[in-house]
Amino acid sequence: MNRGTFWLIWGIALVPMLTAMVMYFGNVAVPEGRVNSGELAPPGMVLEEWEIEDASGEHWVYSGDWHLLVTYKKTCTPACNDWRALMPNLHKALGRESNRVQWHTLGGVANEQGMLFSNQLATIEEGIWVADPLGNLVMRYDFEQPPQALLKDMKRMLRLSKIG
């Protein structure tokens, strides 16, 4: 083996490693883009903190599925009502993964038929929340965002997730 081949092999191995180190430690040319459409939930937010009750007033216990929660404080705006009407279709659009996802409405009126209720609604932002099977809140979507954005993100999360 001649000297040129030796340095070529070492260069092929070291140049990408050194480039990655410069990018990481120097924060140079780091991509700023993201692939999700929703807003990431702050770390540490869990469904248990919301103290959710079902329509009968009993503590709601989430199952080991993914959950989509349409939340609003006092009254549901027209955009909120549109999302509530779209949820069954969005759920069906998940296809074979739809059995891994449940959707609920978390509203401001206690004991409304088929809805969940929380006394913590004053601290909860309105929108559509995504919770993982462990009860961690993952993402939030505004009512103004298109349903396709939520559907695309949910399909990606379900494809990558091995739980739920």
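This passage describes the overall form of a predicted model and then several of its residues and contacts.

The chain contains three helices and seven strands. Read from the N terminus, these elements follow the order α-β-β-β-α-β-β-β-β-α. The radius of gyration of the chain is 22 Å, whereas a compact globule of 164 residues would have a value near 15 Å. The C-alpha trace spans about 80 × 35 × 30 Å along its principal axes. Buried residues make up 34% of the 164 residues of the chain. Of the contacts with a separation of 6 or more, 67% are between residues 24 or more positions apart. The accessible surface of the chain comes to about 10200 Å², and 60% of this area is supplied by carbon and sulfur atoms.

A nonpolar patch lies on the surface and is formed by F6, W7, W10, L14, M17, L18, M21, Y24 and F25. Together these residues have about 1100 Å² of accessible area. One of them, F25, belongs to helix α1, which covers residues 3-26. F25 counts as exposed because its relative accessibility is 65%, above the 50% cut-off for that class.

S118 is located in strand β5 (residues 116-118), and its relative accessible area of 2% places S118 among the buried residues. Apart from neighbours within four places in sequence, S118 contacts W50, E51, I52, L106, G107 and I124. A polar atom of the S118 side chain lies 3.0 Å from the backbone nitrogen of Q120. The C-alpha atoms of S118 and E49 are 9.8 Å apart, although 69 residues separate the two along the chain.

H104 is found in strand β4 (residues 101-107). With a relative accessible area of 16%, H104 is buried, since the cut-off for this class is under 20%. Residues up to four places away in sequence aside, H104 touches W60, H67, L68, L69, V70 and L116. Its side chain makes a polar contact of 3.4 Å with the side chain of H67.

Side chains of opposite charge can pair when their charged atoms come close. Six salt bridges were counted in the model. In one of them, the side chains of R140 and E39 meet with an N to O distance of 3.4 Å. This pair links distant parts of the chain, with R140 in strand β7 (residues 137-141) and E39 in strand β1 (residues 39-40), 101 residues apart. R140 is buried at 7% relative accessibility, while E39 is partly exposed at 40%.

R96 and E97 form another salt bridge, with an N to O distance of 4.0 Å. Here R96 is exposed, at 76% relative accessibility, and E97 is partly exposed, with a relative accessible area of 21%.

A further salt bridge joins D153 and R156, whose closest N and O atoms are 3.5 Å apart. D153 is buried, with a relative accessible area of 3%, whereas R156 is partly exposed, at 22%. Elsewhere, salt bridges with shared partners connect E39, E125, R140 and D142 into one network.

Conventions: Residues numbered from 1 in each chain as written. Predicted model: local features only at pLDDT ≥ 70, side-chain atom pairs only at ≥ 80, totals over all residues. Heavy atoms only, no water. Patch = residues over 30% accessible without salt bridge, like charges linked within 9 Å, V, L, I, M, F, W, Y side chains within 5 Å. Areas by Shrake-Rupley, 256 points an atom, 1.4 Å probe, with all protein chains shown as cover. Helix = DSSP H or I, 4+ residues; strand = E, 2+ residues; numbered from the N terminus. Buried < 20%, exposed > 50% of the residue type's maximum accessible area, 1.4 Å probe, protein only. Contact = heavy atoms within 4.5 Å. Polar contact = N/O pair within 3.5 Å; in protein donor to acceptor, adjacent residues only side chain to side chain. Rg over C-alpha atoms; globule rule 2.2 N^0.38 Å.
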